[in-house]
Each structure stands twice: as C-alpha cells, then as structure tokens.
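This briefing sets out selected features of the structure shown below, which is a predicted model.

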Amino acid sequence: MTPQLETINIPHLPNAPVHVALYRNVENSASLRQQLLAGNADFEYALIDASMVLSRQHAIAAIFRAVNDYSNNRLKSHNVHSEIVISFSPATNITESFRKFGITDSTKDLLVVKVSVSSEITHDSVAAHLESSVVATSVPFDDQSLSEISDITKIKKAYKLGALPSPGTKIDRAQTKAPTDDDVKRRLELSILGAIALRGS
Amino acid sequence: MATEYKPPALPSPFSNTKPPPILLTQGAEAHLYKTVSINPAIPAALKIRPSKPYRHPILDRKLTRQRIIQEARCMIKLVREGVKVPAVLAMDWEGQGGDEGGWGGAWLMMEWIEGPVVRVVLEKWEAWFKANRGTMDEAQITAAEAPVRALLRRIGAAIAALHKAGVVHGDLTTSNLMLRTSEWDQEDRAIEGEVVIIDFGLASQSVQDEDRAVDLYVLERAMGSTHPLSEPFFEELLVGYREGNKGAISTIRRLEDVRLRGRKRSMLG
C-alpha cells in the first residue's frame with residue numbers, strides 16, 4: 001500500500017517542502033535504526049518516536065526550527081534531518097535528544113520526516129522509498145491520529161512540564177471556570193513550543 | 001526633502017514570506033509585523049529587533065540577544081502558568097551572516113491576539129460618556145460606568161495573575177492590555193473579552209513588592225493622563241488585584257509609598 005505521505009509547505013520556508021508520514025505498528029524499527037547508525041544516505045530521515053509527539057503543530061514547530069537553523073548554516077549535527085530530532089528536545093545534549101525523541105529498536109509508532117533540500121527529493125521519490133523500507137501501517141499525520149499515539153506523561157516529563165494538567169484526565173465539571181480539555185491541551189502545546197524555541201538560550 | 005519611510009529589510013526567513021509581513025507599529029527597540037504562523041491558516045505577530053548601527057557590532061548582538069531572550073523567557077513562563085499572554089511560537093537570536101557586516105538583529109514570532117487594545121476601548125467609552133452624561137440621571141450614569149468598573153477589575157485580576165507567576169511587566173499601559181474578542185468593531189462600545197497582557201519587552205522575573213507596586217503605579221499614572229474619566233475607577237483595579245493575589249496587601253501598601261515618591265527610588269539613601 002502506498003504510504004499516506006503528506007507534503008507540507010511551511011510558511012516562510014517556500015524553498016524547502018517537507019514530507020511527513022506517520023506509521024503505527026512498525027515492525028522493522030531495529031533495522032531502520034541500524035541504517036541510520038550506519039550512515040546509509042538512502043535512509044537520511046528524521047525518524048521520531050511518535051509517542052513523543054503531542055500534535056501536528058508540535059512536530060511542525062520542531063521542523064521549522066531545524067530548517068531555519070539549516071538555512072542559516074548553524075546546524076548542531078550532521079544534517080537537517082538529525083537536526084529535526086534534536087529540535088524536538090528542550091535540552092542541548094544531542095545524545096539525550098536522540099534517546100528521548102529518536103527511533104529506538106522497540107518503537108511501534110513512528111513519525112518520518114524528509115525535507116526537500118535538493119531537487120532530487122520529491123514527494124514521489126520519498127513515497128516510493130518509504131513504501132519499500134518501512135514495514136508498518138500508514139495513518140494520516142493529523143491530531144486525531146496523534147492523540148491516540150502520544151504518551152502525555154512521557155512528553156510532560158521530557159519537557160519538564162509535570163506541573164501542568166494533562167488533557168484527557170477527569171476534570172470536576174461542577175467547578176466553575178474549569179478549563180476544557182482543549183484548553184488544557186493547548187496550554188501544554190504552547191508550553192512545548194516555547195521550550196523548543198528557547199533551546200540553547 | 002520628504003522621502004517615504006521604508007522599514008528595514010526583513011531578515012531571513014521572512015524575506016521569503018508570501019504575502020510579505022505587514023508592518024503594524026514601530027518603537028525605538030522593535031518593529032511589529034502581522035504575518036502567518038507556521039500554520040498558514042493562523043495569523044501571528046512578528047516582533048523584530050533590528051540591529052543598531054550606532055552600537056559596536058559585538059555589543060549590539062549581545063544586548064539584542066539578551067533582551068529578546070529575557071522577553072521570551074518571561075512570556076513562556078507565563079504561558080506555562082496559564083496567565084493570558086501571547087504564546088511564543090518561534091524565535092531566533094543568533095543574527096545572520098557573521099559578526100562583521102552581518103545582521104545582528106533578532107526576531108520573535110508570537111500568537112496573534114484578535115481584539116482591541118484597552119486604550120482604544122476606553123477612549124471610545126470616554127468620548128461617548130462625555131457627550132451623553134449631560135442628559136443622564138444618576139442611575140443611568142451608574143449603569144454607564146458599570147462596564148468600565150468591571151473591566152478594571154478584570155485588568156486587576158490579570159495583573160495579579162502575572163505577578164503571582166513571578167513576572168513584572170515593566171511598562172504597563174492601556175496600550176499593552178488587550179481584550180481578546182472576535183466580535184469587536186470600531187463603532188462598538190462593548191467592553192467584552194478576556195484581558196490579555198502584551199509586550200514583554202521590558203519585563204523581568206521578580207517577586208519584589210517594590211517592582212510589583214511600580215507596575216501598578218505606572219499603569220495608574222498612564223490611566224490618569226490618557227483616560228481621565230476612567231481613572232477614578234482605578235480603585236476597582238486594586239479590588240480585582242487583591243482578589244487574585246494573596247500577597248496583594250503588602251504590594252498595595254508599597255504602592256502608597258511609590259505614589260508619594262514616584263517611580264524612581266531616591267538615591268539619597
């Protein structure tokens with residue numbers, strides 16, 4: 001089955017279309033990670049543990065930061081794709097960023113990102129390569145899918161936002177002015193965006 | 001000879017943005033633009049601190065960087081604490097193109113707040129009130145003043161939340177307070193919407209009564225000069241402030257001192 005690969009034109013970055021695919025029940029995480037470690041150029045992707053992704057906006061903010069750093073020639077890592085993984089992290093430690101946000105041998109849900117940094121990288125070329133390389137179920141890259149995948153507790157811990165309320169928990173509706181679940185999620189999302197923007201300050 | 005003002009060229013990546021960001025206001029330290037966020041359907045505010053050509057380039061970068069980071073840290077802290085301020089969506093303090101000859105500025109992309117600033121809302125109300133109070137009896141005047149009193153209470157509560165989170169604004173005026181509402185139009189006298197505090201360019205992290213009292217004092221003075229008819233209700237603001245903040249009593253006591261001596265502390269010991 002052809003994967004559901006979405007090509008996004010992020011505003012302000014017209015020269016770098018971004019291709020994103022979200023997978024569930026990934027069966028070959030270990031071999032994908034092995035290709036990455038071996039430095040196989042064909043497998044130059046940002047491979048992110050999707051349980052660490054709260055929302056579409058969260059992912060795009062990290063991609064935006066990495067591509068902006070790339071176009072200003074100030075990458076902290078080898079290429080824009082490894083930089084995307086780092087950009088998810090609120091901390092500057094590269095190894096730790098990969099450990100927390102990158103693919104592991106046991107990753108079941110995976111977010112794959114590829115930036116068109118050269119004209120050979122197109123929607124079709126990426127879709128074809130992913131189809132032959134990722135053994136998994138492709139799902140749409142949207143908040144609905146992510147809400148079933150994201151591990152809120154782990155995300156809050158990684159961003160040191162443990163004190164914030166979690167979306168999806170029971171709120172006392174009798175209490176006046178209780179925030180809605182959307183409000184709670186939005187506050188968490190915006191706090192994460194702030195942490196991504198401030199990294200390295 | 002008068003030449004048309006041209007704002008400085010936009011830094012990357014906004015030099016590529018289609019449609020180009022629209023310049024809204026310009027201060028001594030920054031230019032404010034309206035553009036889109038990282039989602040093309042959602043607008044954003046873009047604050048650009050240009051580099052200052054009269055400063056030494058290394059010092060210039062250092063100051064610009066320090067100030068934009070301080071501003072962003074305050075806002076991000078407030079977002080985490082649930083205080084109503086624009087969220088930081090993205091930023092860049094590194095400058096571009098090297099120390100010499102490059103661009104030493106910085107930018108901050110923020111959540112767009114839809115709605116009027118309190119200054120405009122109060123100006124509309126005061127103009128209307130001035131024109132009509134001659135024909136009103138006492139009960140009508142009380143009814144006309146009620147929404148302004150209620151607004152000042154809400155502002156007081158918003159400032160209490162700000163201070164409780166450990167941030168002082170440094171430049172509270174009615175231009176730095178907004179009412180978030182999608183339904184406001186220019187002719188409206190409605191005073192609806194959630195109070196959102198904006199522009200943290202002079203903000204800092206502090207829990208000192210002195211700093212908090214100066215915040216309140218600066219706003220009181222600003223109201224006295226720009227909204228003379230609303231100023232008598234400043235007491236309502238303090239009521240709202242007290243309700244929202246346990247430490248308010250000592251801050252308000254300090255405000256009495258600040259009123260006597262002004263914003264600057266005496267250097268005479």
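In chain B, Met91(B) stands opposite Leu108(B), a residue of S5(B). The strands S4(B) and S5(B), the latter covering residues 106-111, pair in the antiparallel sense over four bridges. As the model is predicted, the points below describe computed geometry.

**The sheet of chain B**

- Five strands of chain B form an open sheet, and their order is S1-S2-S3-S5-S4.
- The pairing in this sheet is antiparallel.
- Strand S1 (22-26) and strand S4 (88-92) of chain B are the edge strands, each of which pairs on one side only.
- On average, and with direction ignored, neighbouring strands of the sheet are turned by 20° against each other.
- Helix H1 of chain B, residues 57-80, packs on the sheet and touches strand S3 (43-49), S4 and S5 of chain B.
- The direction of H1(B) makes about 15° with that of S5(B).

**Helix H3 of chain B**

- Helix H3 of chain B runs over residues 138-164 and has 27 residues.
- From its first C-alpha to its last, H3(B) reaches 38 Å, which is close to the 39 Å expected at 1.5 Å a residue.
- H3(B) bends by about 30° at Ala146(B), and the proline Pro147(B) follows within four residues.

**A helix pair in chain A**

- Helix H3 (residues 80-88) and helix H4 (residues 94-101) of chain A have axes that come within 8 Å and cross at roughly 85°.
- H3(A) is therefore roughly perpendicular to H4(A), a term that applies to angles of 65 to 115 degrees.
- On the side of H3(A), the contact is made by Val85(A), Ile86(A) and Phe88(A).
- H4(A) contributes Ile94(A), Ser97(A), Phe98(A) and Phe101(A) to this contact.
- The residues of the contact of H3(A) with H4(A) comprise six nonpolar, one polar and no charged.

**Contact between the chains**

- In the contact between the two chains, 25 residues of chain A meet 26 residues of chain B.
- Helix H2 (56-71) and helix H8 (181-198) of chain A are the elements that give two or more residues to the side of chain A that touches chain B.
- The residues on that side of chain A divide into 13 nonpolar, nine polar and three charged.

Definitions and conventions:
Residues numbered from 1 in each chain as written. Chains lettered and ligands numbered in written order. Predicted model: local features only at pLDDT ≥ 70, side-chain atom pairs only at ≥ 80, totals over all residues. Pairing = 2+ DSSP bridges. Axes fitted to C-alpha atoms, helices over the stretch in contact; angles between N-to-C directions. Contact = placed C-beta atoms within 7 Å. Parallel < 35°, antiparallel > 145°, perpendicular 65-115°, else oblique. Nonpolar A, V, L, I, M, F, W, Y, C, P; charged D, E, K, R; others polar. Expected span 1.5 Å × (residues − 1). Bend = angle between axes of the 7 residues up to and from the residue.
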